[in-house]
Amino acid sequence: MQLLSRGDAGPPVAEVRAALEEMGILEPTGPGPALFDEPLEQAVRTFQQHRGLITDGIVGPATYRALRDARWSLGDRMLLLNTQQPLTGDDVFALQERLLELGYDSGRADGVFGRQTEQALRSFQRDYGMSPDGMCGPRTLRHLGYLGRKVTGGRPGLLREQERLHKAGPRLSGKRIVIDPGHGGADRGALIGAGPEAVTEAGLVGDIARRLEGRMAAAGMEALLSHGPQDCPTDAERAGFANSAGADVVLSLHVDANTSPAANGLAAFHFGTGTGATSTVGEALAGFIHRELLARTRMLDCGVHPRPWELLRLTRMPAVRVEIGYLTNDRDRAALLDPGFRDVVAEGILVAVKRLYLLGQDDKPTGTFTWAEVLQREANRPAAAR
């Protein structure tokens, strides 16, 4: 779809305006041409902030999908599996949350009615004497409303995620990691300069991804790049690749940009809605990566944050997005242009993954675990004396 921003007009703008008015975020304006004016832009920003989206006031694909999904409440429509065009919406998310509370494994609550959600719904229907047709209609909704929580002491989906981590063991060997360099192809992401001499986000994170891939292969891991340098899949396609590959972890690498040259620093993101749904293992990994890179690079700490972005939400395994500095900041850009710095970043991310699987056992202080020590531990050789 076309991007919609201030100054635009026409039916797509009218659709956005109507959706925000229905939610009570925008005051109705009455009849007249549908214009993307300042009040509409502020309403879009408010909606984006509530949904954990980038608050740029522009209606792009992610914001449009979120607006479409927000129209639905549980009970508004029949929910069932459609393999050609899966149903998405806040009603699907509410159903998944309810099934998880009752102890049925519908997978991560991602708002997409997929095969695992259907299977969990069929199991619920079978257990409570209904026809297990996998369709959520009025009768199924009534039964869902009658029942209290079965699972206590934690959210069951998160407990399963933690249990898989415990069973995986401390060795890196055999772990399958998808490395996702941001952007690609004609989309170069953040950019400074022009022509062949331009410094691009895609080029920098692609280089870091290759350095990380090499280190992971040397440690016995199966490292897969989500796409080639000439391709730029959507976030949903990147998540689909990771799911199809059966990855253990997804690492998405980005560099930021800002209209202010003073903006700088490092941030990490994991799946989370801000209302309780989160990936505990993803949060732990984001924290490890964040702390390792801060200790090794001395960049400004911009925090670790939950976000419902598609790559983080649609993956069935822990996924982390790292924003490694700002190309628009002189200091961050100078660091990113240094190959030695990019080596440090790759090593820090690998060490953070190792720390995740160690589960606190035989670990070392943040920033002190070296690449050589990782290799020695993977080979079951004691570290050399210093």
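Predicted model: local features only at pLDDT ≥ 70, side-chain atom pairs only at ≥ 80, totals over all residues.

Tutor: Residues are numbered from 1 along each chain as its sequence is written, and side-chain values use heavy atoms, with hydrogens and water left out.

Student: How are two packed helices described?

Tutor: Two packed helices are described by the angle between their axes and the distance between the axes. Helices (H or I, at least four residues) and strands (E, at least two) are DSSP runs, numbered from the N terminus. Axes are lines fitted to C-alpha atoms, for helices over the stretch in contact, and angles run from 0 to 180 degrees between N-to-C directions.

Student: At what angle do the axes of H4 and H5 cross?

Tutor: The axes of H4 (residues 90-101) and H5 (residues 115-127) cross at roughly 50 degrees and come within 11 Å. The two helices are therefore oblique to each other; angles under 35 degrees count as roughly parallel, over 145 as roughly antiparallel, 65 to 115 as roughly perpendicular and the rest as oblique.

Student: Which residues of H4 and H5 meet?

Tutor: Contact means heavy atoms within 4.5 Å. From H4, Leu95, Gln96 and Leu99 meet Thr117, Ala120, Leu121 and Phe124 of H5. By class, the residues of this contact are 5 nonpolar, 2 polar and no charged. Ala, Val, Leu, Ile, Met, Phe, Trp, Tyr, Cys and Pro count as nonpolar, Asp, Glu, Lys and Arg as charged, and the others, Gly among them, as polar.

Student: How do H5 and H6 lie to each other?

Tutor: H5 and H6 are roughly perpendicular to each other. Their axes come within 11 Å and cross at roughly 75 degrees, H6 being residues 138-146. Leu121, Phe124 and Gln125 of H5 make the contact with Thr140, His143 and Leu144 of H6. This contact has 3 nonpolar, 3 polar and no charged residues.

Student: Is Thr315 buried or exposed?

Tutor: Buried means under 20% relative accessible area, exposed over 50%, and partly exposed in between (1.4 Å probe, protein chains only). Thr315, in the loop between helix H11 (310-314) and strand E8 (319-326), is buried, with a relative accessible area of 1%. Leaving aside neighbours within four places in sequence, the contacts of Thr315 include Arg108, Ala239 and Asn243. The Thr315 side chain also reaches the backbone oxygen of Met317 at 3.4 Å.

Student: Which residues of H14 are buried?

Tutor: In H14 (residues 371-378), these are Trp371, Glu373, Val374, Gln376 and Glu378. The buried residues of H14 pack against helix H8 (201-218) and helix H13 (339-358). After H14 comes Asn380, with a positive phi near 60 degrees.

Student: Where is Arg298 placed?

Tutor: Arg298 is in the loop between helix H10 (280-297) and strand E7 (301-307). Its relative accessibility of 64% counts as exposed, and phi of Arg298 is near 60 degrees, a positive value in a residue other than glycine. His183, in the loop between strand E1 (176-181) and strand E2 (191-192), likewise has a positive phi, near 65 degrees.

Student: How many residues apart in sequence are Leu3 and Ile58?

Tutor: Leu3 and Ile58 are 55 residues apart in sequence and 6.8 Å apart in space, C-alpha to C-alpha. Leu3 lies in the segment before helix H1 (11-22) and counts as exposed at 53% relative accessibility.

Conventions:
Polar contact = N/O pair within 3.5 Å; in protein donor to acceptor, adjacent residues only side chain to side chain.
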